[in-house]
Amino acid sequence: MMQSIQANSYPIHFNEKGYEALNLYLKENKYSNLFIIVDSNTNEFCLPNFLPYLETDLTIEIIEFDAGEENKNIETCVQIWNVLTELGADRKTLVINLGGGVVTDLGGFVASTFKRGVDFIHVPTTLLSMVDASVGGKNGVDLGNLKNQIGVINVPIMVLIDTQYLETVPQNEMRSGLAEMLKHGLIYDKKYWEQFLDLKALDFADFDSLIYRSVEIKNEIVLQDPTEKNIRKALNFGHTLGHAIESYFLENENKTTLLHGEAIAVGMILESFISLDKKLINKEEYSEIKTCVKSIYDDILFEEKDIQPILELLIHDKKNEYGNIQFALIEGIGKIKINQSVENELILKAFEDYKS
Ligand SMILES: NC(=O)c1ccc[n+]([C@@H]2O[C@H](COP(=O)([O-])OP(=O)(O)OC[C@H]3O[C@@H](n4cnc5c(N)ncnc54)[C@H](O)[C@@H]3O)[C@@H](O)[C@H]2O)c1
Ligand SMILES: [Zn+2]
């Protein structure tokens with residue numbers, strides 16, 4: 001049985017214990033009704049497993065929207081706000097977001113803004129949303145192709161992580177979530193990182209405890225710095241370049257689309273190279289990282305003409321303050337060094353090394 005993890009003001013429960021906590025919470029708190037937000041996939045794959053656990057007399061309404069990042073926008077929010085209104089949601093409505101990061105980000109935002117905010121609970125159903133998106137209180141939607149441009153920081157009542165939902169998650173989505181777990185090891189816990197070095201030896205049973213540790217790490221970092229003034233920036237490791245690569249591949253029709261974690265995996269190799277060049281890590285550490293990450297993720301092909309547009313996209317990264325590109329690098333495995341500026345030449349050098 002995995003102990004619940006306490007975030008700043010809400011608990012994160014695991015597996016069966018989560019449903020007990022949820023039912024107890026529903027019994028002890030008076031809500032007027034319950035809305036469950038799902039996307040088309042979690043409606044099919046997760047809702048049938050979720051509903052039987054619920055013990056409540058409240059009316060339950062299901063709100064579904066089409067799966068996909070392209071629907072994580074304000075139009076979808078408007079539709080959901082309308083449905084909530086039509087179906088009689090009020091200030092004592094409880095919203096449950098059952099889905100991946102798209103559902104928890106969007107559902108958290110919808111709930112945080114409806115009638116100036118109603119309570120919500122996250123039930124993440126992808127690996128990425130379990131170890132990353134559902135923890136930390138960031139909610140929001142995209143604005144055109146600007147990711148997470150609109151949003152609020154607002155925490156749920158509780159998070160309920162049930163790893164059974166992972167059984168139907170596609171392999172590539174699992175690998176995408178795994179990138180964030182690798183990141184947690186690289187920035188915070190060398191021992192944890194080392195557990196991934198021989199991934200073939202891991203099976204699903206091991207995975208529960210790995211997910212647990214990843215949630216613990218993300219939570220510890222967020223607790224120290226909820227509004228991302230300093231240490232929380234560590235979570236951007238691999239993301240400065242990773243995001244730019246992700247956007248570039250998204251915008252280019254002749255490129256395969258990369259899942260978030262696939263882009264972050266490349267970003268982590270590139271930013272590890274930058275850490276090496278700045279003598280923050282040594283050659284052995286770098287080659288351990290590169291070998292491990294490349295053994296899990298397919299090589300991404302970069303042509304000469306791809307690099308400049310990627311560098312330009314970097315400038316648009318929302319994390320930049322005062323126009324400077326700031327990287328979160330690693331200082332040895334398991335330690336982070338934030339606010340590092342990096343010259344363009346070094347970034348080019350990192351791409352060269354990635355290709356080799
Ligand atoms: N708030 C944060 O701190 C934070 C952190 C990281 C990522 N995010 C956001 O999370 C989103 C990505 O999350 P994601 O990777 O979970 O994407 P997602 O929600 O789009 O899920 C990926 C795919 O899996 C499907 N799916 C979900 N659960 C399933 C299940 N149990 N079985 C089968 N299919 C299932 C979804 O319908 C979707 O097609 C991005 O929008 C990103 O910006 C937020
Ligand atoms: Zn990420």
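Visitor: What should I know about the conventions?
Guide: Residues are numbered from 1 along each chain as its sequence is written, chains are lettered from A and ligands numbered from 1 in the order in which they are written. In this predicted model, local features need pLDDT of at least 70, side-chain atom pairs count only at pLDDT 80 or more, totals for chains, interfaces and linings use all residues, and side-chain values use heavy atoms, with hydrogens and water left out.

Visitor: How many residues surround ligand 1?
Guide: The shell holds 25 residues, each with a heavy atom within 4 Å of the ligand. The closest are Asp39, Glu69, Thr125, Thr126 and Thr168.

Visitor: Which polar side-chain atom lies 2.6 Å from an oxygen atom of ligand 1?
Guide: That atom belongs to threonine 126. A side-chain N or O atom of lysine 147 is 3.3 Å from a ligand oxygen, and a polar backbone atom of alanine 133 is 3.4 Å from a ligand nitrogen. Polar contacts here are pairs of N or O atoms within 3.5 Å.

Visitor: How much of the ligand does the protein bury?
Guide: The protein buries 89% of the 860 Å² that ligand 1 exposes when taken alone (Shrake-Rupley method, 1.4 Å probe).

Visitor: Changing topic, what is the radius of gyration?
Guide: The protein has 20 Å, taken over C-alpha atoms. This agrees with a compact globule of 356 residues, which would have a value near 21 Å; the globule rule is 2.2 Å times the number of residues to the power 0.38.

Visitor: And what box do the C-alpha atoms fill?
Guide: Roughly 60 × 40 × 35 Å, along the principal axes.

Notes. A polar contact is a pair of N or O atoms within 3.5 Å; within protein, one must be able to donate a hydrogen and the other to accept it, and residues adjacent in sequence count only if both atoms are side-chain atoms.
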